[in-house]
Amino acid sequence: MTPLTRVITKKDTNIKPIWLMRQAGRYLPEFRKIRKKNQNFVKLCLNTKEVKNITLQPIKRYDLDAAIIFSDILMVPFGLGQNVEFKKNFGPFLGPISLKDVKDFDQKSFKKKLDPVYKSICKVKKEKILKNKDLIGFVGGPWTILVYMLNRYSPKKKLEKIFSDKFLIKEMLKYINKYISLHIQSQIRSGANIIQIFDSWAGLVSDKNLEEYIYKPTKNLIKVTKSFKVPCICFPRNIKNYKEYTEIIKPDVINIDYNVNPNEIIKNIKIPIQGGMDPKVLLSSKKNIEKFTNYYLRVFENHPYIFNLGHGVLPQTDPNMIQYLIKLVRMFNERSS
Ligand code: CP3
């Protein structure tokens with residue numbers, strides 16, 4: 001049994017596994033080298049050879065417990081025929097798409113467009129280096145995908161007026177969910193043995209719309225994932241009430257963001273917890289990294305816990321600090337075993 005599945009299924013508190021969101025990415029010189037030669041990010045995500053290499057880069061460098069397939073949550077809008085670009089110093093920029101476009105799209109074309117993603121997962125899964133490690137597949141939460149599809153770039157302060165059209169949102173969510181669900185199933189069939197749902201813009205939904213926009217569609221995705229006996233980790237970033245979310249959604253693991261007070265959350269949440277530490281801590285001194293890492297490890301000492309951050313590794317992070325972080329987590333594991 002892998003360290004993550006021990007925590008998730010056995011609720012083992014004697015081991016604190018570690019992996020990091022964005023563990024493959026711009027902070028790694030070996031990633032930047034490949035990225036420089038591949039200016040088109042979507043194309044890079046469809047390049048099976050490079051996706052395999054990038055996914056394994058942090059695993060080769062560090063002693064991590066899981067690999068996450070190198071891809072992006074916006075591959076779903078791409079699979080649905082929407083134009084998706086990543087502009088330097090701006091982030092994602094999407095082309096226009098209508099409800100009709102999504103409604104009329106067919107599953108076969110979707111699967112065909114995303115086939116390289118599934119081929120990459122099959123390739124990575126065969127690697128010996130992943131023995132006793134998990135391969136995490138992922139999707140964006142339906143609401144977050146909808147935000148990108150309609151807003152067409154990362155929201156700045158407030159959502160566009162289009163988000164007051166309840167009918168449009170409900171209809172879009174219905175169709176988007178079908179495709180996210182397909183994407184989950186294909187990733188599992190290709191070899192992903194854990195699924196993480198990134199709902200990065202969950203915090204934008206008001207209380208009165210939570211049921212319709214977040215809870216209902218996400219519950220559906222958990223059901224699909226669980227039907228394969230694959231665990232599901234949910235990350236509803238900046239959501240106000242993590243307790244209510246976990247009680248309603250019932251994920252196998254909840255990833256907390258760095259605004260969550262670990263001492264508070266532990267009183268309210270019984271299921272395994274992942275993450276929490278502010279990725280900015282890794283930009284500071286070793287002493288500070290030690291202070292925060294041990295703080296999270298101690299708070300969750302007697303709770304099933306997977307070490308991770310409260311958001312992705314920042315591009316300006318020194319790779320040696322990641323090495324140091326992993327060493328600290330390993331040392332804690334040795335002390336408590
Ligand atoms: O975690 C991993 O290592 C796996 C790969 C992964 C990427 N994106 C690669 C990526 C994962 C899990 C994601 C998830 C993702 N993508 C989210 C959810 C998590 C979060 O960050 O809130 C979101 C919102 C996106 C959409 C997205 N993709 C944005 C907003 C951006 C630009 C800003 C940024 O964070 O870089 C991306 C680009 C992106 N996705 C990069 C990587 C490595 C950077 C690409 C580059 O410029 O080289």
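Student: Which residues does serine 181 touch, not counting residues up to four places away in sequence?

Tutor: This is a predicted model, and serine 181 lies in its helix H10. A contact requires heavy atoms within 4.5 Å. Leaving out residues up to four places away in sequence, serine 181 touches Leu221 and Val224.

Student: Is serine 181 buried or exposed?

Tutor: A residue counts as buried under 20% relative accessible area. Serine 181 has a relative accessible area of 8%, so it is buried.

Student: How far apart in space are serine 181 and threonine 218, C-alpha to C-alpha?

Tutor: In sequence, serine 181 and threonine 218 are 37 residues apart. In space, the C-alpha to C-alpha distance between them is 9.9 Å.

Student: With which residues is leucine 146 in contact, leaving aside its neighbours within four places in sequence?

Tutor: Once its neighbours within four places in sequence are left aside, leucine 146 is in contact with Asn151, Phe163, Ile169, Met172, Leu173 and Ile176.

Student: Against which elements do the buried residues of H8 pack?

Tutor: In H8, the buried residues are Pro116, Val117, Tyr118, Ser120, Ile121 and Val124. The partners of these buried residues are helix H3 (41-45), helix H4 (48-61), helix H7 (107-113), S4 and H10.

Student: Where is lysine 11 found, and is it buried, partly exposed or exposed?

Tutor: Lysine 11 is found in the loop between helix H1 (3-10) and helix H2 (29-37). Its phi is positive, about 55°, although lysine 11 is not a glycine. Most residues other than glycine have a negative phi. The relative accessibility of lysine 11 is 45%, so it counts as partly exposed.

Student: What is the phi of asparagine 132?

Tutor: Asparagine 132 has its place in the loop between helix H8 (115-125) and strand S4 (134-140). With 47% relative accessibility, this asparagine 132 counts as partly exposed. Its phi is positive in a residue other than glycine, with a value near 60°.

Student: Why is the protein chain said to be as compact as a globular protein of that length?

Tutor: The secondary structure of the protein chain comes to 15 helices and nine strands. For 337 residues the globule rule gives 20 Å. The chain is as compact as a globular protein of that length because its radius of gyration is close to this, at 19 Å.

Student: What percentage of the contacts in the protein chain between residues at least 6 apart in sequence join residues at least 24 apart?

Tutor: Of the 337 residues of the protein chain, 58% count as buried. Among contacts between residues at least 6 apart in sequence, the share that joins residues at least 24 apart is 73%.

Conventions: Residues are numbered from 1 along each chain as its sequence is written. This is a predicted model: local features need pLDDT of at least 70, side-chain atom pairs count only at pLDDT 80 or more; totals for chains, interfaces and linings use all residues. Side-chain values use heavy atoms; hydrogens and water are left out. Helices (H or I, at least four residues) and strands (E, at least two) are DSSP runs, numbered from the N terminus. The radius of gyration is taken over C-alpha atoms; the globule rule is 2.2 Å times the number of residues to the power 0.38. Buried means under 20% relative accessible area, exposed over 50%, partly exposed in between (1.4 Å probe, protein chains only).
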